[in-house]
Amino acid sequence: TLVTTMMLKNIPCRKSQEYVMAQVDEQGFAGTYDFFYLPSDVKFRTNLGYAFINFITPDDAALFRETMDGYTFPGSGSIKACAVVPAHVQGLQNNLAAFK
């Protein structure tokens, strides 16, 4: 099975989906993904520390893993490095169905 969906872990909890997407785009991935989901805790107004991103091609997904594994978000006050792993749910349609 081709891997196109990655899970980005260890995202600083106070960062918004827009901020995380902007950081991903700045690393050269603008226009390479068609699904981005950063689950959040509405009560505490924080994210849950991970995101699911579906890339259009398996090559872009692999490059994302190489680039972002070990990434630290600038100005976050967090020293946690991101980890990138293949997501359990793969593909745009499956992600849209899973995260309605």
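Which residues are exposed on the other side of helix 1? I began with this question in a model that is predicted.

**Entry 1: helix 1**

I looked up the buried residues of helix 1 and found Val20, Gln23, Val24 and Phe29. Because their arc around the axis covers only 125 degrees, these four lie on the same side of helix 1. On the other side, I noted Glu18 and Glu26 as exposed. I then checked what covers the buried residues of helix 1; the cover includes strand 1, strand 2, strand 5 and helix 2.

I also compared the span of helix 1 with that of a straight helix. Thirteen residues at 1.5 Å a residue would span 18 Å if straight, whereas the end C-alpha atoms of helix 1 span only 15 Å. Just after helix 1, I recorded a positive phi of about 80 degrees at glycine 31.

I traced an open sheet of four strands, in the order 2-5-1-6, with antiparallel pairing. Strand 2 and strand 6 (83–86) are at the edges with a single partner strand each, so one side of each has no neighbour in the sheet. On average, neighbouring strands of this sheet are turned by 20 degrees against each other, direction ignored.

I followed the pairing of strand 1 with strand 6, which is antiparallel and runs over four bridges. Opposite methionine 6 I found proline 86, in strand 6.

**Entry 2: helices against the sheet**

I noted that helix 1 lies across strand 1, strand 2 and strand 5, and runs at about 145 degrees to strand 2. Helix 2 lies across strand 1, strand 5 and strand 6, at about 15 degrees to strand 1.

**Entry 3: the core**

I looked up the largest nonpolar core and found that it has 19 residues. Leu8, Val20, Val24, Phe36, Phe55, Phe64 and Met68 have the most contacts inside it. Two or more residues of this core come from each of strand 1 (5–9), helix 1 (17–29), strand 2 (33–37), strand 5 (50–55) and helix 2 (58–68). In soluble globular proteins, nonpolar side chains tend to be buried together.

I then listed the contacts of leucine 8, leaving out residues up to four places away in sequence. Among them are Val20, Tyr50, Phe64, Met68, Phe73 and Val84.

**Entry 4: glycine 77**

Is glycine 77 buried or exposed? I found a relative accessibility of 81%, so glycine 77 counts as exposed, the cut-off being over 50%. Glycine 77 lies in the loop between helix 2 and strand 6. Its C-alpha atom is separated by 8.4 Å from that of proline 12, although the two residues are 65 residues apart along the chain.

Note on methods:
Residues are numbered from 1 along each chain as its sequence is written. This is a predicted model: local features need pLDDT of at least 70, side-chain atom pairs count only at pLDDT 80 or more; totals for chains, interfaces and linings use all residues. Side-chain values use heavy atoms; hydrogens and water are left out. A nonpolar core is a set of buried Ala, Val, Leu, Ile, Met, Phe, Trp, Tyr and Cys residues joined through side-chain atoms within 4.5 Å. Buried means under 20% relative accessible area, exposed over 50%, partly exposed in between (1.4 Å probe, protein chains only). Contact means heavy atoms within 4.5 Å. Two strands pair if DSSP finds at least two bridges between them. Axes are lines fitted to C-alpha atoms, for helices over the stretch in contact, and angles run from 0 to 180 degrees between N-to-C directions. The expected span of a helix is 1.5 Å times one less than its number of residues. The arc is that of the directions from the helix axis to the C-beta atoms.
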